[in-house]
Amino acid sequence: MDGCLFCKIVCGEIPSAKVFEDEVSYAFRDINPQAPVHILIVPKKHIDSCAVLDGADEALVGRIFTNIAKIAKDEGLDKGFRVISNSGDDAGQTVHHLHFHILAGKNMGEGLVP
Ligand code: 5GP
Ligand code: ZN
């Protein structure tokens, strides 16, 4: 989608630190890490957020979660990791291309919202 930051990262127009890629998804390191390990995984095709997912994307989202498990294994995240997807203003979504944060490398405690 024209003007979308993550579409530009997926196609290589904007450089990123790649972690993983397959036919449908791309994972890279967050530019402003919130934890020692902070990776983003996005679908290669543009989808605004979780809020607009429908049945047509079920296999894609399933594949992304399988890839998250692979990435966690490759990164040695055996002590655990957290997956977050912000959707919309109240969640603080700043890039309107569906993405899943993979956070790890420190004990994040039990609370989800600061
Ligand atoms: P959101 O707030 O939408 O859930 O997350 C967007 C994430 O994208 C933020 O964690 C932010 O640091 C990251 N980000 C924004 N611009 C760039 C960029 O140009 N490159 C990379 N690698 N990450 C970015
Ligand atoms: Zn996009």
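What volume does the second largest pocket have? The second largest pocket comes to about 230 Å³, in a predicted model where local features need pLDDT of at least 70, side-chain atom pairs count only at pLDDT 80 or more, and totals for chains, interfaces and linings use all residues. Residues are numbered from 1 along each chain as its sequence is written, chains are lettered from A and ligands numbered from 1 in the order in which they are written, and side-chain values use heavy atoms, with hydrogens and water left out.

On a 1 Å grid over the protein atoms alone, a pocket is an open set of points where a 1.4 Å probe fits, with protein on both sides within 12 Å along at least five of seven lines, and lining residues have an atom within 4 Å of a point. Volume here is the space filled by probe spheres set on the points, which are joined across faces, edges and corners.

The lining of the second largest pocket consists of Gln34, Arg82, Ile84, Leu103, Lys106, Met108, Gly111, Leu112, Val113 and Pro114. By class, this lining holds 6 nonpolar, 2 polar and 2 charged residues (nonpolar: Ala, Val, Leu, Ile, Met, Phe, Trp, Tyr, Cys and Pro; charged: Asp, Glu, Lys and Arg; polar: the others, Gly among them).

The largest pocket has a volume of about 370 Å³. Its lining is made up of 22 residues, and Phe6, Asp30, Ile31, Leu40 and Val95 are those nearest the centre. Two or more lining residues come from each of α1 (5–10), β2 (25–29) and β3 (37–43), where helices (H or I, at least four residues) and strands (E, at least two) are DSSP runs numbered from the N terminus. Helix α1 contributes the most, with 3 residues. In the lining of the largest pocket, 10 residues are nonpolar, 10 are polar and 2 are charged.

Turning to the metal site, the zinc ion (ligand 2) has four protein donors: Cys4 (SG), Cys7 (SG), His46 (ND1) and His97 (ND1), at 2.1 to 2.3 Å. Donors are N, O and S atoms within 2.8 Å of the metal (3.2 Å for Na, K and Ca), and sites may look incomplete because water is not among the atoms. The arrangement is tetrahedral because the 4 donor atoms subtend angles of 106 to 117 degrees around the zinc ion (ligand 2); four donors count as tetrahedral if all angles lie between 85 and 135 degrees. Along the sequence, the donor residues follow the spacing C-x2-C-x38-H-x50-H. Cys4 sits in the segment before α1 and His97 in the loop between β4 (82–84) and β5 (100–104), so this pair ties together parts 93 residues apart in sequence. Cys4 is buried, at 6% relative accessible area, and His97 is buried too, at 0% (buried means under 20% relative accessible area, exposed over 50%, partly exposed in between, with a 1.4 Å probe and protein chains only).

Gln93 belongs to the loop between β4 and β5 and is buried, with 7% relative accessibility. The side chain of Gln93 has a polar atom 3.0 Å from the backbone oxygen of Asp48, and reaches the backbone nitrogen of Gly88 at 2.8 Å. His101, in strand β5, is buried at 12% relative accessibility, and its side chain makes a polar contact of 2.8 Å with that of His38.

Several C-alpha separations round out the picture. Ala72 lies in helix α2 and is buried at 7% relative accessibility; 29 residues along the chain from Ala72, His101 is 12 Å away, C-alpha to C-alpha. Ala51 is in the loop between β3 and α2 (58–74) and is exposed, at 62% relative accessibility. Between Ala51 and Leu98, 47 residues apart in sequence, the C-alpha distance is 9.2 Å. Gly80, in the loop between α2 and β4, is partly exposed at 34%, and the C-alpha atoms of Gly80 and Gly105 are 8.0 Å apart across 25 residues of sequence.

Methods. Tetrahedral: all angles 85-135°; square planar, octahedral: opposite > 155°, others 65-115°. Polar contact = N/O pair within 3.5 Å; in protein donor to acceptor, adjacent residues only side chain to side chain.
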